[in-house]
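Please look at the sequence and the structure first.

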Amino acid sequence: MTQDRLIEERQTKIGTGIADNYDRSATDYEQAARHNATGARRLVASLPDADVDRILDIGCGTGFATLPAIRRYGASSVTGVDVSAAMLDRFKGQLDALGGVDYDLRAAAEDQTDLPAASFDLVLSSMTMHWLPDRGAAVARMAAALRPGGLIGILAPGVGHDREYVEIVKALDPPAPEPCWDGWGLAEVSTDDLAEYFAGAGLEVDDIWVEVRVRRVPLDVLMARMRTVGAHTWNSRLPADEVERQLARIEEAARARSGPRGFEYTFTKTFAVGRKPG
Ligand SMILES: C[S@@+](CC[C@H](N)C(=O)[O-])C[C@H]1O[C@@H](n2cnc3c(N)ncnc32)[C@H](O)[C@@H]1O
């Protein structure tokens, strides 16, 4: 597939309705997607020691990445960009509770807000890259915002994440409508992808790696995550009652595949850390 076609596919299949979806799920996000918090902490722990005072977080959500980065580095200034005002609202609450940090939270798509050039000591983007249709251009914008010598850390869902879940959706009989499953591959980010984006943006790579976790969870935990974030890749392309009907069918299929310890699935995460040449 050409790059333009890929960007268009991402735009039309998984790139619509994101702000509304996250506005609706903001109150459930931290519980339903709690593994994103531990992943973000591992991303921050993997960054090198450095002087970091000003942090930019692209797709910051409720702050899963930036909050541990503030604690690690003692940063005093945060800029967070997110299309969902409700997610930002929760982040604001956490920053207020922490105190001592100046913040600028922008409810905007990352390509629709002007960020000062060469101004940040650290740019983070955790579990957001998969939502961005032109990811290479997004990383180039992150690089432009970094000061020379500044650090960057990216975490994204990797190749094959949730493959057991996707298998049961694809195997439904009668078949589920295509939107229920055709966006999953588009939401994957590989190590080669991140290496290409870093190179294209003139960033140096410190490390790029994949983490694979095999989890067993109770059915209600699985479905809470799928309702809160998983269905975001497809629910804007089907009528609401059809979304509910398909989710009920998926839940039954997941129940049939669950063992005594719940539903087993693989979650793959792709990490990259690096810097802007100084
Ligand atoms: C899975 S959440 C991750 C949030 C947070 N970074 C974390 O690690 O928990 C993805 C976030 O990306 C945001 N997002 C999606 N597309 C975006 C865009 N084009 N510009 C800015 N934010 C975006 C969503 O609103 C959502 O808050």
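Is Met129 buried or exposed? The model in view is a predicted one. In it, Met129 has a relative accessible area of 0% and is therefore buried, since buried means under 20%. Met129 is found in the loop between strand 4 and helix 6. Leaving aside residues within four places in sequence, Met129 is in contact with Arg135, Val139, Met142, Ile154, Ala156, Val189 and Tyr197. Thr16 lies 113 residues away from Met129 along the chain, and the C-alpha atoms of the two are separated by 15 Å.

Strand 4 itself covers residues 120-126, and Ser126 belongs to it. Ser126 counts as buried because its relative accessibility is 12%. Val210, in strand 6 (residues 204-217), is partly exposed, at 40% relative accessibility.

| Residue | Relative accessibility | Class |
|---|---|---|
| Met129 | 0% | buried |
| Ser126 | 12% | buried |
| Val210 | 40% | partly exposed |

Val210 also takes part in a surface feature. Together with Val212 and Val214, Val210 makes a nonpolar surface patch of about 260 Å².

Which residues have the most contacts inside the largest nonpolar core? They are Ile55, Leu122, Leu124, Tyr165, Leu222, Trp234 and Ile250, in a core of 61 residues. Five residues of this core come from strand 7 (residues 263-275), which gives the most to it.

Leu222, one of the residues with the most contacts inside the largest core, touches Tyr165, Val217, Ala254, Phe263 and Tyr265, not counting residues up to four places away in sequence.

Within residues 3-13, which form helix 1, Ile7, Glu9 and Arg10 are buried. These residues are on the same side of helix 1 because they cover an arc of only 160 degrees around the axis. What covers them? Helix 6 (135-145) and helix 8 (191-200) are among the elements that cover the buried residues of helix 1.

Terms used
Residues numbered from 1 in each chain as written. Predicted model: local features only at pLDDT ≥ 70, side-chain atom pairs only at ≥ 80, totals over all residues. Heavy atoms only, no water. Helix = DSSP H or I, 4+ residues; strand = E, 2+ residues; numbered from the N terminus. Buried < 20%, exposed > 50% of the residue type's maximum accessible area, 1.4 Å probe, protein only. Patch = residues over 30% accessible without salt bridge, like charges linked within 9 Å, V, L, I, M, F, W, Y side chains within 5 Å. Areas by Shrake-Rupley, 256 points an atom, 1.4 Å probe, with all protein chains shown as cover. Salt bridge = Lys/Arg side-chain N within 4 Å of Asp/Glu carboxyl O. Core = buried A, V, L, I, M, F, W, Y, C linked by side-chain atoms within 4.5 Å. Contact = heavy atoms within 4.5 Å. Arc of directions from axis to C-beta.
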